[in-house]
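Here is a short briefing to read alongside the sequence and the model. Take a look at both, and then we can walk through them topic by topic.

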Amino acid sequence: MINLAGRDILHGWGKFAFTGIGLGLLIGVTLSMAGIYRGMVEDATVLIEGSGADLWIVQQGTLGPYAEPSSLRDDVDRSIAGLPGVAQTGNVAYLTMQASHGGTESRVMLVGFERGRPGEPAFLVAGRPVSRSHYEAVADEKAGFRVGERVRIRRHEYEVVGLTRRMVSASGDPMVFVPLKDAQEVQFLKDNDALVNERARTAANPSFNRPGVPGLLEAVQASQAQSRQVNSVLVRVAEGADPEDVAAGIRRWKRLQAYTKAQMDEILVAKLIATSSRQIGMFLVILSVVSAAIVAFIIYTLTVNKVREIAVLKLIGATNATIGGMILQQALGLGVIGFVVGRFVAGLWAPVFPKYVLLLPGDALRGFALVMAICSLASVVAIRAALRVDPAEAIGG
Amino acid sequence: MATADHPAIRIQGLRKRYGTGETAVDALKGVDMTVGHGEVVGLIGPSGSGKSTLLKCLGAVIEPTGGRMEIAGEAVYDEGWRIDDLRALRRDRIGFIFQAPYLISFLDVTDNVALLPMLAGVGNAQARSRARELLAALDVAHRASAQVSQLSGGEQQRVAIARALANRPPVILADEPTAPLDSVRALTVVRILNDMAVQFQAAIIVVTHDEKIIPTFRRIYHIRDGRTHEEAGEGRAP
């Protein structure tokens with residue numbers, strides 16, 4: 001038996017191709033939306049994995065350091081390091097900010113870390129690790145920095161000595177790793193005018209400037225110009241130790257909040273990007289409905305344009321199944337063309353997106369099944385119209 | 001019992017009423033008609049006389065209100081359809097030729113003709129072989145692979161005739177088959193219909209207004225006010 005749908009598609013291939021391309025662009029947008037969501041989840045996962053930590057210790061009652069502000073004194077890590085099951089600790093400071101380089105500005109997440117401890121870059125793709133105590137940086141390549149380039153961060157210039165990859169914040173901002181002290185200065189220190197004002201106010205306070213207590217004023221002023229705060233202490237647990245047990249001990253004895261990897265993953269995926277994922281979910285639903293409406297309209301129009309031929313087919317003995325099958329196959333054919341085009345363009349434009357777009361084969365398969373289901377559903381209206389065509393329409397009068 | 005001893009089509013007292021009650025219209029009030037195998041008859045009448053209604057009843061696309069209709073001796077309608085599958089009846093025992101060829105635009109010439117046997121369950125190769133034979137008989141074999149849009153009007157009408165003959169039906173209904181054609185082409189079509197009727201032993205009923213071809217029929221049925229009147233035609237060679 002002749003495949004009527006295939007012949008019709010081949011006969012009007014230009015019309016089908018253009019329609020398929022149009023539908024494909026819409027499907028490409030839909031797949032990209034799914035890819036953006038996957039990218040956000042992947043960014044969160046990479047953020048957790050890339051830190052090299054098993055536990056995140058943050059200020060009590062907060063969801064820090066990524067989802068909420070958290071502030072700890074930087075000597076907390078020493079008391080944690082002595083707990084059973086703790087192999088290594090590392091202070092980290094996080095700050096999302098603008099960094100200037102070559103006359104342009106980039107949105108980055110500044111990470112202050114301690115060399116050789118949890119929180120440092122997981123690996124390098126170019127250059128070398130930070131080796132000096134100040135003003136050297138390792139940046140994620142997505143920041144657009146080059147090795148050897150000088151980047152201005154607040155008051156100081158930093159030399160980019162190395163590049164890493166896929167180290168981004170939960171919002172997708174590339175990370176720039178600098179020594180902890182530098183990050184603390186950037187994050188917590190006041191500007192020069194504020195410092196001068198603060199010093200003057202302190203000096204004017206008779207309690208800090210008492211006769212017979214030399215050095216008190218200088219000590220107070222020095223403390224105002226230093227920061228001992230970090231956002232989190234990252235903990236690597238000893239081999240064989242249960243991270244949950246270690247976290248429970250920290251929560252109980254240190255009056256701090258401790259999160260395991262699973263809990264941090266929950267915070268990032270279920271809380272931090274929950275609104276975004278619902279937003280994207282809404283977009284996906286709307287795009288699916290729009291795609292269904294477009295396919296239904298196209299297939300319906302194609303069918304209505306063939307009323308006379310359908311009448312002739314019915315008159316000469318074609319069954320409803322033959323005619324319905326032809327329309328269904330055309331809808332599915334349009335869906336296949338649209339999906340192939342959509343998957344192709346989604347792959348083509350994914351790297352151009354400022355944030356990571358992760359196109360998973362599983363999502364593509366689910367997308368394909370959804371497209372086929374939508375096309376089948378969309379063809380129902382056209383099939384109903386075709387089955388209502390009276391074969392008598394082929395005969396005049 | 002369908003045999004060659006019976007006429008290809010016999011109609012007795014065929015009636016068709018549209019609507020009910022006071023608004024009812026009797027389009028056919030008792031039509032009688034008999035056409036033998038290999039015969040071509042004309043069916044003529046003014047607009048609104050019931051030609052199209054009769055054609056639709058004969059083509060099993062609308063149901064008559066009463067009467068009897070036999071095809072090759074088998075009653076297909078006798079105060080009700082006697083055949084369950086009207087689609088198969090149309091496919092296997094009635095051929096249709098329309099005013100315009102109404103070929104399937106997305107199929108080539110051969111497949112337009114082969115589609116009917118294929119719909120009847122004939123294998124692809126055999127159906128195409130049969131299509132090519134018919135196209136050769138109608139002198140359009142050279143356009144077998146062409147798309148419909150590449151054919152002239154006359155060629156399209158020949159392909160439409162080939163399609164009507166594809167399942168070797170005993171009855172062919174032709175609805176104004178020469179209307180869009182000039183005199184020469186119209187007479188050519190009539191000659192082809194005559195030849196095909198003889199060659200395939202089909203009864204061909206030609207509904208027409210075309211004065212050019214009316215003199216070619218040996219028998220003519222006039223239809224007026226829902227009733228047919230038979231008269232002898234001139235039977236001129238087309």
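Which residues does G67(B) touch, not counting residues up to four places away in sequence? In this predicted model, G67(B) touches Q12(B), G13(B), L14(B), R15(B), Y77(B), D78(B) and E79(B).

**Around G67(B)**

- G67(B) sits in strand 4 of chain B, which covers residues 66-71.
- Is G67(B) buried or exposed? Its relative accessible area is 5%, and because buried means under 20%, G67(B) counts as buried.
- Along the chain, G67(B) and V207(B) are 140 residues apart, and their C-alpha atoms are separated by 21 Å.

**Where chain B meets chain A**

- How many residues does each chain bring to the contact? Chain B gives 25 residues and chain A gives 26 residues.
- About 2,500 Å² of area is buried between chain B and chain A, and carbon and sulfur atoms give 66% of that area.
- Which elements of chain B give two or more residues to the side that touches chain A? They are helix 1 (51-58), helix 2 (86-93), helix 3 (109-119) and helix 4 (124-137).
- Helix 3 of chain B provides the largest share of that side, with five residues.
- Sorted by class, the side of chain B that touches chain A holds 13 nonpolar, four polar and eight charged residues.

**D111(B) and its two arginine partners**

- One salt bridge is found across the interface of chain B and chain A.
- Which side chains meet in a salt bridge at 2.5 Å, N to O? They are those of D111(B) and R7(A).
- Within chain B, D111(B) also forms a salt bridge with R128(B), and here the closest N and O atoms are 2.7 Å apart.
- This second pair links distant parts of the chain, with D111(B) in helix 3 and R128(B) in helix 4 of chain B, 17 residues apart.
- D111(B) has 2% relative accessibility and so counts as buried, whereas R128(B) is partly exposed at 21%.

**Other salt bridges**

- A search of the whole structure finds 25 salt bridges over all chains.
- In chain B, the side chains of D210(B) and K212(B) meet in a salt bridge at 2.9 Å, N to O.
- Of these two partners, D210(B) is buried, with a relative accessible area of 9%, while K212(B) is partly exposed at 32%.
- R10(B), R68(B), E70(B) and D78(B) are joined into one network by salt bridges that share partners.
- In chain A, E244(A) forms a salt bridge with R251(A), and their closest N and O atoms are 3.2 Å apart.
- E244(A) is partly exposed, with a relative accessible area of 33%, and R251(A) is also partly exposed, at 25% relative accessibility.

**Chain A as a whole**

- The secondary structure of chain A comes to twelve helices and twelve strands.
- Why is chain A described as more spread out than a compact globule? Its radius of gyration is 31 Å, well over the 21 Å that the globule rule gives for 397 residues, so chain A is more spread out than such a globule.
- Taken along the principal axes, the C-alpha atoms of chain A fill a box of roughly 120 × 50 × 40 Å.
- Buried residues make up 48% of the 397 residues in chain A.
- Among contacts in chain A with a separation of 6 or more, 75% are between residues 24 or more positions apart.

**Around S232(A)**

- S232(A) is placed in strand 11 of chain A, residues 232-237.
- With a relative accessible area of 0%, S232(A) is buried.
- A polar atom of the S232(A) side chain lies 3.0 Å from the backbone oxygen of I57(A).
- Not counting residues up to four places away in sequence, S232(A) touches W56(A), I57(A), V58(A), P65(A), L72(A), G90(A), N91(A) and V92(A).

How values were computed. Residues numbered from 1 in each chain as written. Chains lettered and ligands numbered in written order. Predicted model: local features only at pLDDT ≥ 70, side-chain atom pairs only at ≥ 80, totals over all residues. Heavy atoms only, no water. Contact = heavy atoms within 4.5 Å. Buried area = accessible area lost by both parts, 1.4 Å probe. Salt bridge = Lys/Arg side-chain N within 4 Å of Asp/Glu carboxyl O. Helix = DSSP H or I, 4+ residues; strand = E, 2+ residues; numbered from the N terminus. Nonpolar A, V, L, I, M, F, W, Y, C, P; charged D, E, K, R; others polar. Buried < 20%, exposed > 50% of the residue type's maximum accessible area, 1.4 Å probe, protein only. Polar contact = N/O pair within 3.5 Å; in protein donor to acceptor, adjacent residues only side chain to side chain. Rg over C-alpha atoms; globule rule 2.2 N^0.38 Å.
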